[in-house]
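Open your viewer and get your selection tool ready. We will walk through a few stops together.

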Amino acid sequence: MFSFIARRLGLLIPTFFGITLLTFALIRLIPGDPVEVMMGERRVDPEMHAQAMERLGLNKPLPEQYLDYIGKLAQGDLGESLRTRESVWNEFLTLFPATLELAIAALFFAGVIGLLAGVIAALKRGSLFDHGVMGISLAGYSMPIFWWGLILIMFFSVSLGWTPVSGRIDLLYDIEPKTGFMLIDTLLSDEEGAFKDAVMHLILPAIVLGTIPLAVIARMTRSSMLEVLREDYIRTARAKGLSPARVVFVHGLRNALIPVLTVFGLQVGTLLAGAVLTETIFSWPGIGKWLIEAIGARDYPVVQNGILLIACLVILVNFVVDILYGLANPRIRHQR
Amino acid sequence: MSLLQIKNLNVRFGDANAVPVVDGLDLSVSEGEVLAIVGESGSGKSVTMMALMGLIDAPGRISADALTFDGHNMLKLSGRQRRRVVGKDMAMVFQDPMTALNPSYTVGFQIEEVLRQHLGLRGKAARQRALELLRKVEIPAPESRLDAYPHQLSGGMSQRVAIAMAIAGEPKLLIADEPTTALDVTIQAQIMELLLNLQKEQNMALILITHDLAVVAETARRVCVMYAGQAVEIGQVPELFDVPAHPYSEALLAAIPEHSEGAERLATLPGIVPGRYDRPQGCLLSPRCPYVQDHCRQQRPPLDPQVHSLVRCFYPLNQEVA
């Protein structure tokens, strides 16, 4: 187990360098620079522009800039935003709970419905339900997130008026951010109706963000379950006189979950990518929206380090999933 | 009154016109009896037992004039009622122990599950009983095995665990479906011995499905020879071995390697079990039978009592009364 962790950690070093190099290069490949964007439509005086660039250290040759960046990173300095002068780390910490809350809600939605739909589809293989679930999940998987989000907003928010269009909470409420999780903060506050309002705000973005993971989980659960249900130990479980529910959920699902868990972990990356679009559509004040705005403003430190932080997060989650995988599958646990 | 009574059991996969996999099988087992069922692969041995246990799923269809076990009409029981019998009074041990245990749960969990389901034992009491069961199936260091996962056990050990699970509800009938086929030869003898000891100790009936005629000769009192889904001969063990009345029984016995000592080749019965599309109109063995008559090709013989046994043949062998 120890050598396994050490090996995995060793692999992280080249990954980190790759990410820093890539974000550093890509953001500078976009036409325009931070000063130009800040000046906006006005004609930029070349002298002022040069001065501003020098102040920001952006006039140096690129390799030097990169070395500066890496040097700061090595000291744990993530720099500060060019726009707000706020440290990138602080901004990340403030905004991340919103994204996490949305992601957890989305994964919960995707996990519960995906598992149930997958299991039922496997049990009723070839039925109308099975074909329906598989068809819908294929559609869900292929759907562009921004389009799907807009459709839902138009239908549920605009036409039916069931849910709010955007944001995390109505402006009527003044919620003190204790944990950063709106659902928890509203529960802690004594504002009446705030919790319900927060839930209503969360539903649509969570559905939009959870749609692709839902489709993937449903399909994976179905095929994994079909495979497991053919196993000899399922016959043994039935021969013990156990109830069909126990045979399916205790003996079947537990084994079928092992590959699903891997997919679940891989979905976290997809989820954070999806969060960028979802948060933009729903004006959800999370790191996705933060990054989009930073890219628009050519806010180099935010883009570079924001992406680096997200990458770390994805790596961390996959790491945790690997360990969970060992817990779920005793055969792997004992190999290590 | 026999413990198990099967009358005219038919199992088909598909619609009512599909070729039966089990074709009009009659069989009975008394309490505490050891019955062996032999026959080549595809003769319907396992399917018969799966039907009895309620393990046949659609498109499989079961019909019978009677399927009674211990006073229960197994055909009429609801799922819930059946599950009270299956796994408790009637239990089964399967062929491949390495795949028959759930890889995600410990040995203890899988045994305790039966105890909780059928005897209502929980917690310490269940664990204690599981430990006793492991001792009963002669697993060394049973305390440490309770928390072991199936992949940590050898094949023989896994089969012992499977047996412990099967006898956890103190069944009146244990069905062992080729319990030693997947095991090493040395382990085979140990598992057979264990099964027979348990059978005597608990006075349970044992149905032993096997390819191994030597095992049958040593263990069973009665034997049923199956061919293409039918019982072709049912008789007492020494007689059936000494004077087989059905040509198929005779061919099976002749195929034992020891009976061909000194010969260049082992004795075989040419041909294969008839399949879906070449099922003969007459006796199912007629295309392969060395004694076949014209009459055999036209009509199917019934299972009739002969001198030593019940035989499904118009011209049974060895009928001279000694």
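How many residues of chain B are in contact with chain A? Select 24 residues of chain B, which are in contact with 18 residues of chain A (C-beta atoms, placed from the backbone, within 7 Å). This is a predicted model, in which local features need pLDDT of at least 70 and side-chain atom pairs count only at pLDDT 80 or more, while totals for chains, interfaces and linings use all residues. Residues are numbered from 1 along each chain as its sequence is written, with chains lettered from A and ligands numbered from 1 in the order in which they are written.

On the side of chain B that touches chain A, the elements giving two or more residues are α2 (79-85), α3 (97-100) and α4 (107-119) of chain B. The most come from α4(B), with 4 residues.

Next, select α7 (155-167) and α8 (185-202) of chain B. Their axes come within 10 Å and cross at roughly 15 degrees (lines fitted to C-alpha atoms over the stretch in contact, with angles from 0 to 180 degrees between N-to-C directions). That makes α7(B) roughly parallel to α8(B) (angles under 35 degrees). Show side chains: I163(B) and I167(B) are among the α7(B) residues that meet α8(B), where the partners include L194(B) and L198(B).

Last stop: α11 (247-254) of chain B. Here 6 of the 8 residues are buried, so this helix is largely enclosed by the rest of the structure (buried: 20 or more other C-beta atoms within 10 Å of a residue's own, placed from the backbone). Among the buried ones are Y248(B) and L252(B). Color β3 (34-38) and α9 (213-219) of chain B too, which are among the elements that the buried residues of α11(B) pack against.

Note on methods. Two residues are in contact if their C-beta atoms, placed from the backbone, lie within 7 Å. A residue is buried if 20 or more other C-beta atoms lie within 10 Å of its own, exposed if 12 or fewer, and partly exposed in between; C-beta atoms are placed from the backbone. Angles under 35 degrees count as roughly parallel, over 145 as roughly antiparallel, 65 to 115 as roughly perpendicular and the rest as oblique.
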